[in-house]
Amino acid sequence: MTGAPMGSTYSMWSLFRNCRKAVDWRYLQQLVPLERDRNLHFGSLIHECLELWHGQRDLALVLDLIDRRSAARAQDEDEKRGWHLATAMMRAYAERYAEEEFEVVALEQVFKGPIVNPATGAASRSFRLAGKVDGVVRIDGEYFILEHKTVSQIDSDYLERLWTDFQITLYAHYIEQTTGVPITGILYNVLVKAKLQQGKGETEEEYQARRAELLAKSKTGKTTAKRKLPESDEEFQQRLTEKYTDPEMFHREMLYLSRDRFDILRSELWELTQTFLDARRRGIFY
């Protein structure tokens, strides 16, 4: 490779480790999906909301942001579902964390840095690493990376996997190198996505079928059954609000970093760059 070093992210290297051909398609041939994954879209929205909340501490601004990002919700069922969930989630989050245990130092902190050969200390002439963390916070005089997560559920398996979150560990190392701030650990801010669905009600055919079934079981030949109507937005928001009173819908997990892990990840990253260069030189991406 010649010229300026190629910008890269941990996501690219992680993908390369699992499927080299996918990296060829995405990062070299610039092929991208025609549609964005719904879960990724929702996760991005919540990250925006959390950035605004931790920066301004104004719930009205957060709710206005959700409204603007969901302008087509009257016509788009997925967008409407995301609007309901984001609205209820952020209302509950603002109430749950009205007072914080940390001081915000930076939000959406970006970095760019060299990928270094651990054997010689020389920087790669072919690649640089870039990325962004959700925030840097200070707790009792120590600095932590703030990492937001939206998940379907929190269990022991999920919490165990946080210990192997190599991406945020590597990014913590680069933030430390870029800013000069010693990073003690990671504060994971986990928000659970409620699985509730808005009631659709019954069609006339469904109602008549259910009514006939009830009549067949009735000794009097009568039934008081009424057609189930669609759940209103207000009714659904109320159900979501009640769901988010459950303390298990939010979780904070603090992990402390090992300096040995920094060294291991830097070595792995360097090896991946060398394998990438070999694949590119030979024009072979398995």
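Begin by selecting helix H10, which runs over residues 259-282 and includes Arg259, and keep in mind throughout that the model is a predicted one. If residues up to four places away in sequence are set aside, Arg259 touches Glu176 and Ile183.

Next, select strand S1, residues 6-8, where Ser8 is found. Ser8 has a relative accessibility of 3% and therefore counts as buried, the limit being under 20%. Show its side chain, and you can follow it to the backbone oxygen of Arg128, which it reaches at 2.7 Å. Apart from residues up to four places away in sequence, Ser8 touches Trp13, Ile115, Phe127, Arg128, Leu129 and Ala130.

From Ser8, move on to Trp13, whose contacts, leaving out neighbours within four places in sequence, are Ser8, Ile115, Phe127, Leu129, Leu269, Leu272, Thr273 and Phe276.

Now widen the view to the largest nonpolar core, which has 67 residues, and in which Trp13, Met90, Leu129, Ile145, Tyr244 and Phe250 touch the most other members. Select helix H5, residues 77-96, to see the element that supplies the largest share of this core, namely nine residues. As a last stop, look for a second, separate core of six residues, among them Val137, Ile139, Phe144 and Leu146.

How values were computed. Residues are numbered from 1 along each chain as its sequence is written. This is a predicted model: local features need pLDDT of at least 70, side-chain atom pairs count only at pLDDT 80 or more; totals for chains, interfaces and linings use all residues. Side-chain values use heavy atoms; hydrogens and water are left out. A nonpolar core is a set of buried Ala, Val, Leu, Ile, Met, Phe, Trp, Tyr and Cys residues joined through side-chain atoms within 4.5 Å. Buried means under 20% relative accessible area, exposed over 50%, partly exposed in between (1.4 Å probe, protein chains only). Helices (H or I, at least four residues) and strands (E, at least two) are DSSP runs, numbered from the N terminus. Contact means heavy atoms within 4.5 Å. A polar contact is a pair of N or O atoms within 3.5 Å; within protein, one must be able to donate a hydrogen and the other to accept it, and residues adjacent in sequence count only if both atoms are side-chain atoms.
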